[in-house]
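Me: Hi! Could you walk me through this structure?

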Amino acid sequence: MNSRTKPRTIEQQKEAIDHVAGLLSREFLYIQSRDTRKDVQRNPVQTLPKIHAQWRPTIFEWFYKIIDHFLLEREIVAIAMDYVDRFLSHPTSNVESMSLDMYQLVAMTALYVAMKLHGGNDPGSLTSPWKVRRKTFCVKGFVKLSRGQFIADDILTMETVLFQALGWKMNPVSVICCMDSYMKLMPKPDEMYSGSVMIMKRLRLGQHVLYELSRYLVELAICINGITPYFETDHSGRFVNSLAPSTVAYAGILLAMDMMTTSAITSETRQIFHQRLVEAQHEMITREDAFTSSADSYMLFDPNQMEVLNIKELIHKNFMPSLVLGSLSQSDDEAAFHPFKVAEAAGMFNHLFFKKEVPNIQPSSPTSPLEEMM
């Protein structure tokens with residue numbers, strides 16, 4: 001690395017750390033805001049509502065179908081569910097007596113709002129990553145999706161209720177956003193090594209696979225029932241943000257690294273990544289007095305922290321290896337060059353983590369199939 005590129009690399013590294021610190025600050029404010037309402041006691045403990053516990057995984061599945069249908073970023077799913085979680089934790093939601101129809105209306109409206117605010121409605125062009133034009137959406141399409149269960153006024157009225165209950169805080173920090181930001185702290189092979197072309201190719205492939213595997217795991221994590229910072233569940237910890245997006249993303253990346261060998265993600269790479277993440281955490285806590293006073297109750301990044309270990313265990317318990325490796329067993333040309341297939345052939349996976357199969361049992365969707373929307 002020459003003298004001209006080194007300062008720019010340091011500047012980019014500092015920018016990445018600052019960005020993570022900013023995300024953590026915003027996340028802290030969102031989660032803590034529910035503890036400062038005048039109508040509730042400090043740090044209220046709420047159990048996951050029965051209707052939400054029953055239908056939340058299915059709503060996630062339905063959200064993903066809609067987002068994939070419109071070729072929007074999957075991060076929108078996490079944002080929409082954040083709206084649902086926060087709305088149901090608000091005292092005005094009357095969630096304990098909420099009917100299934102009303103619950104579906106809340107979920108549908110939350111997704112509609114998240115798509116409008118964070119997805120946009122531009123059909124795009126054939127030069128987009130998907131090489132096709134996206135379908136646009138409107139409230140009438142969501143009415144058709146409900147199969148006559150709701151009318152446009154129902155959705156638009158609930159939209160106003162949602163905004164008011166959430167205090168117009170519509171830009172939460174998502175698990176996907178945290179994961180993307182964390183991965184920018186990962187040192188590039190070119191920063192650390194100057195080995196042969198083959199070694200550098202292997203290390204670059206290792207980081208690409210780590211990113212894709214981490215993304216898969218965190219998308220799985222947010223679908224696990226109860227992984228939300230807004231309710232106390234049977235596997236949450238003593239910290240207010242023990243199940244916060246930042247913690248879930250951290251646990252997902254750690255699990256992904258556990259699933260890969262040190263020849264793919266070196267020990268030095270892992271150590272530097274963690275050092276930078278801790279630095280971002282420290283900067284967030286010391287940035288303002290408000291955070292300093294809460295530092296003892298804010299979950300510091302520690303791979304051996306009980307909350308992190310619990311989340312990793314939950315993700316791994318729900319992980320189905322066949323969805324990552326089994327679907328790549330075919331011999332067609334496209335599958336042969338899939339990053340996971342190449343990584344498996346190169347011995348980059350720790351197969352101790354790929355042995356346990358978990359049956360995929362999902363309740364039926366409470367809303368109509370996506371195919372009948374249009």
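What follows is a short chat about a predicted model.

Me: How many helices and strands does the protein have?
Reply: The secondary structure comes to 16 helices and 0 strands. Do keep in mind that this is a predicted model.

Me: What percentage of the residues is buried?
Reply: Buried residues make up 50% of the 374 in the protein.

Me: And what about the surface?
Reply: The accessible surface is about 18200 Å², and carbon and sulfur atoms hold 54% of that.

Me: Which residues have the most contacts inside the largest nonpolar core?
Reply: Those are M115 and Y182, in a core of 104 residues. The largest share of this core comes from helix 4 (residues 100–118), which gives 11 residues.

Me: What does Y182 touch?
Reply: Leaving aside neighbours within four places in sequence, Y182 is in contact with V20, L24, S246, A249, Y250, I253, F273, L277 and F301.

Me: Switching to rings, how many aromatic pairs are there in the whole structure?
Reply: A search of the whole structure finds 7 aromatic pairs. In one of them, F70 and F137, the ring centres are 5.8 Å apart and the planes sit at 75°, so the pair is edge-to-face.

Me: Which parts does the pair of F70 and F137 tie together?
Reply: F70 is in the loop between helix 2 (50–69) and helix 3 (75–89), while F137 is in the loop between helix 4 and helix 5 (139–145), so the pair ties together parts 67 residues apart in sequence.

Me: Is F70 buried or exposed?
Reply: F70 counts as buried, because its relative accessibility is 1% and the cut-off for buried is under 20%. F137 is buried too, with a relative accessible area of 7%.

Me: Back to Y182, why is its pair with F301 called edge-to-face?
Reply: The ring planes of Y182 and F301 are at 90°, with the centres 5.8 Å apart, so the pair counts as edge-to-face. Y182 lies in helix 7 (residues 175–183) and F301 in the loop between helix 12 (289–292) and helix 13 (306–318), so this pair ties together parts 119 residues apart in sequence. Both Y182 and F301 are buried, and ring pairs link Y182, Y250 and F301 into a cluster.

Me: New topic: where does L220 lie, and what does it touch?
Reply: L220 lies in helix 9 (residues 197–223). Not counting residues up to four places away in sequence, L220 touches I315, N318 and F319. The C-alpha atoms of L220 and F319 are separated by 7.6 Å, with the two residues 99 apart along the chain.

Notes: Residues numbered from 1 in each chain as written. Predicted model: local features only at pLDDT ≥ 70, side-chain atom pairs only at ≥ 80, totals over all residues. Heavy atoms only, no water. Core = buried A, V, L, I, M, F, W, Y, C linked by side-chain atoms within 4.5 Å. Buried < 20%, exposed > 50% of the residue type's maximum accessible area, 1.4 Å probe, protein only. Helix = DSSP H or I, 4+ residues; strand = E, 2+ residues; numbered from the N terminus. Contact = heavy atoms within 4.5 Å. Areas by Shrake-Rupley, 256 points an atom, 1.4 Å probe, with all protein chains shown as cover. Phe/Tyr/Trp six-rings, centres within 6.5 Å; stacked < 30°, edge-to-face > 60°.
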